[in-house]
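I opened a new notebook page for this one.

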Amino acid sequence: MTTAVPDEKGVEALVAQEPVAATAKRALSSPWASLTAIIIAVVWTLPTFGLLVTSFRPEGDIKTSGWWSAFITSTPWKNWTLANYDQVLNGSDTNLSTYFINSIIITVPSVLIPISIAVMAAYAFAWMKFPGRDFLFVAVFALQIVPIQVTMIPLLKLYVNQGFAGSEAPGGGFYTIWLSHSIFALPLAIYLLHNFMSQIPGELIESARVDGAAHVQIFTRIMLPLMAPAIAAFGIFQFLWVWNDLLVALVFGGGSLEVSPLTVRLAELSGTRGNDWFLLSAGAFVSLIVPLIVFLSLQRYFVRGLLAGSVKG
Amino acid sequence: MRSRKTRRGMAVTAALVSAGLVLAGCGGSDDDKGSGEASGKSPGEGKAECAQLTQFGDLSGKDVTVYTSIVAPEDKPHIDSWKVFEDCTGADVKYEGSKEFETQLQVRVQSGNPPDIAYIPQPGLLQTLVGTGKVVEAPDTVAANVDKWFGEDWRSYGSVDGKLYAAPLGANVKSFVWYSPKMFADNGWEIPTTWDDMLALSDTIAATGIKPWCAGIESGEATGWPATDWLEDVLLRSVGPDVYDQWVAHEIPFNDPKVVESLDNVGAILKNDKYVNGGIGDVSSIATTAFQDGGLPILEGKCAMHRQASFYAANWDEGTDVSENGQVFAFYLPPMGDEFGSPVLGGGEFVAAFSDAPEVQAFQTYLSSDQWANEKAKATPNGGWVSANTGLDIANLASPVDKLSGEILQNPDAVFRFDGSDMMPGEVGAGSFWKEMTNWITGESTQDALDNIEASWP
């Protein structure tokens, strides 16, 4: 049954494939489509561009006029200044580079730990048979529904009782941030990687078994190479999430600014009563740089991983 | 080929993870903190400035963690002002400021991870925290300092059920009207000394085509708070401090006829199309203008007066001359009669402790002394800080506005009252009061607005 149906449709699809591709190509390269794409791109980029322009304007100008007036005054470029960036970088008594390094120290393990655990868990859920597997998988899947805000006070209590949090915490408080990020990331990571891994044809694994490979070898020699795009895609997701996170760092890293990431500094940038809000545009661009570099350099994997996860099989 | 590469990747991963764990282990601090008797010879023994602190003994190597809502750059003067304490006792003060202070403090207290010291900006929050049982009562040395240097009213704001928990720290004066001395001088306008004079002046200014008042009450989720200050200031002036206290404590209803009358008095300015909103727009623009920007049209000469607290000084563009004969300055919002003296509406912070360790008590003692108040004033070269501590030498304050605030706070005729919305239950003081005042600005009637707030009182 299952083979007969695709046969007919498969032939049709084969015949139709060429014209479909051509139609798509024609539709996408029509001048109207291009125009629409350009308009969308411009509309989407305009606020960011405005933010960029604002970040170079002096305080008084930002507070009294819109960013476009930087171009319509009689002397458009004269007032532009780097003072905002200077204040963002050097304005606090703790050097910004401390926060920057903290962000990296927090982010790297918070990405690696959940990925290393999730890949192995996903393999077990996808290709190992053990009692209670489906139940466990549904349980892990269901954990995604728990909002992290609900877990905060109980989790922090647990950390405090175990001596992980507070001013005398081991690791200066980084353990709790890593642990928390890993805890919050695991359900989604396992679910995503499991879905991807179960799409890999069973014949591959069977043939490996015939060749005498055990689980460890199948995992390291077959699964990991095939999983690279999916791992990279999830890695980027997790990286961006952790890099931009304020809540977890604030709650679990509490106790000292020595373990605070960049986002904490950004949140305080506007000053005690919000009177320095003009600094926020410059601050936004400082914090944007690293995610931008990571995203652009891994974009290849990002797109491939998304496609692989959804279309494959 | 590929598999080997992957395996190398795995090894790198593993190495990175373990390196991270090892590194983090190195960063661990291992100082122990325990409450105990004063022991050892204090490093400040024999120095005059340490007289009050030597009784706590040698505190070298001890840490005091401080958590506040004050962030950079305003935190620097605070940290600088603790140098005397650190030199005298040998203890180390660790500072953390966060704009999420109010929520985060409660999270930390609930989870058993409170800081040693917290600066609490609202008596209402102090009551909530004392209710958790985690706040430690102020030691005798602090109580003695508070009795000596602060008025009875300030002591009561730091007390819950008659027990002193938190000594007052900084203060701010909200009964100020910002104006441009230059603009006033050029036009021959005089600073009004009575409420009626002020309205007469407003009419004079309105006749010249300038809208005399400007205001902005937008402040994110706290939108509306500047308007609540208006109502409190006017209420304090028209019915006096005793009725004001009853109103704050909800002994008279929120929509009492006297309150309705006061809000109508506010409306005579804020909802008067002839008076507002100078340089910005019409009445409804008050609701959408950020409070930080509300007074800026004064600098452009498009608005003459802006009622806002002393801390608004920080909102003027850097380089603005904020002084009696400069570009902007503030005058005291005039009283409505002689009956109640000079009512002053204001706010301030209080020092609550979550530990009774000697280093924490020593720090509380230091913060409540006149010595600290003067150190802090000297450590704040750019101004923006004042205290109600009567031991504070006004000459040590840096900016003219701070000096003016200090004089008002220390004036024996002044009747100080804390910002009422900070003392009301959160549902009202940080909820319906803000919201209904915003609705009131955008068209709701006075009676409806106050009725709605009364209905929301828990």
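Predicted model: local features only at pLDDT ≥ 70, side-chain atom pairs only at ≥ 80, totals over all residues.

Entry 1: Where in chain B is confidence lowest, and where is it highest? Helix H1 (residues 2-26) of chain B is lowest, with a mean of 45. Strand E7 (residues 176-179) of chain B is highest, at 95. Across chain B the average pLDDT is 87, and 91% of the residues score at least 70. For the model I wrote down ipTM 0.73 and pTM 0.79.

**Entry 2: the build of chain B.** I looked up the secondary structure of chain B and got 17 helices and 12 strands. Its C-alpha trace spans about 80 × 75 × 45 Å along the principal axes. With 458 residues, a compact globule would have a radius of gyration near 23 Å, and the 25 Å of chain B agrees with that. Buried residues make up 50% of the 458 residues in chain B. I also checked contacts in chain B between residues at least 6 apart in sequence: 73% of them join residues at least 24 apart.

**Entry 3: two domains in chain B.** The domain assignment gives domain 1 (51-173 + 346-413) and domain 2 (176-342 + 418-456) of chain B. Their centres, taken over C-alpha atoms, are separated by 29 Å. How many residues of each domain of chain B are in contact with the other? I found 19 residues of domain 1 of chain B touching 21 residues of domain 2 of chain B. On the domain 1 side, helix H5 (123-131), strand E6 (167-173), strand E11 (342-353) and helix H15 (400-410) of chain B each supply at least two residues. H15(B) gives the most to that side, with 5 residues. The residues of that side divide into 8 nonpolar, 10 polar and 1 charged.

**Entry 4: the cores.** Next I went for the largest nonpolar core, which has 127 residues. Those with the most contacts inside it are B:Leu126, B:Ala166, B:Phe350, B:Val351, B:Ala352 and B:Phe363. Helix H10 (residues 225-248) of chain B gives the most to this core, with 11 residues. Why does this core lie between domain 1 and domain 2 of chain B? Both domains give residues to the core, so it lies between them. I picked B:Ala352 and listed what it touches beyond four places in sequence: B:Ala118, B:Ile120, B:Leu126, B:Leu129, B:Val135, B:Tyr165 and B:Ala166.

**Entry 5: one enclosed helix.** I checked helix H13 (residues 358-367) of chain B, and 10 of its 10 residues are buried, so H13 is largely enclosed by the rest of the structure. Among them are B:Pro358, B:Glu359, B:Phe363 and B:Leu367.

**Entry 6: over to chain A.** Chain A is divided into domain 1 (4-81) and domain 2 (93-311). The contact takes 7 residues from domain 1 of chain A and 5 residues from domain 2 of chain A. On the domain 1 side, helix H2 (31-55) and helix H3 (59-64) of chain A are the elements giving two or more residues. H2(A) supplies the largest share of that side, 4 residues. The residues of that side divide into 3 nonpolar, 2 polar and 2 charged.

Conventions
Residues numbered from 1 in each chain as written. Chains lettered and ligands numbered in written order. Core = buried A, V, L, I, M, F, W, Y, C linked by C-beta atoms within 7 Å. Buried ≥ 20, exposed ≤ 12 C-beta atoms within 10 Å, placed from the backbone. Domains from an automatic or database assignment. Contact = placed C-beta atoms within 7 Å. Rg over C-alpha atoms; globule rule 2.2 N^0.38 Å. pLDDT = per-residue confidence, 0-100. Nonpolar A, V, L, I, M, F, W, Y, C, P; charged D, E, K, R; others polar.
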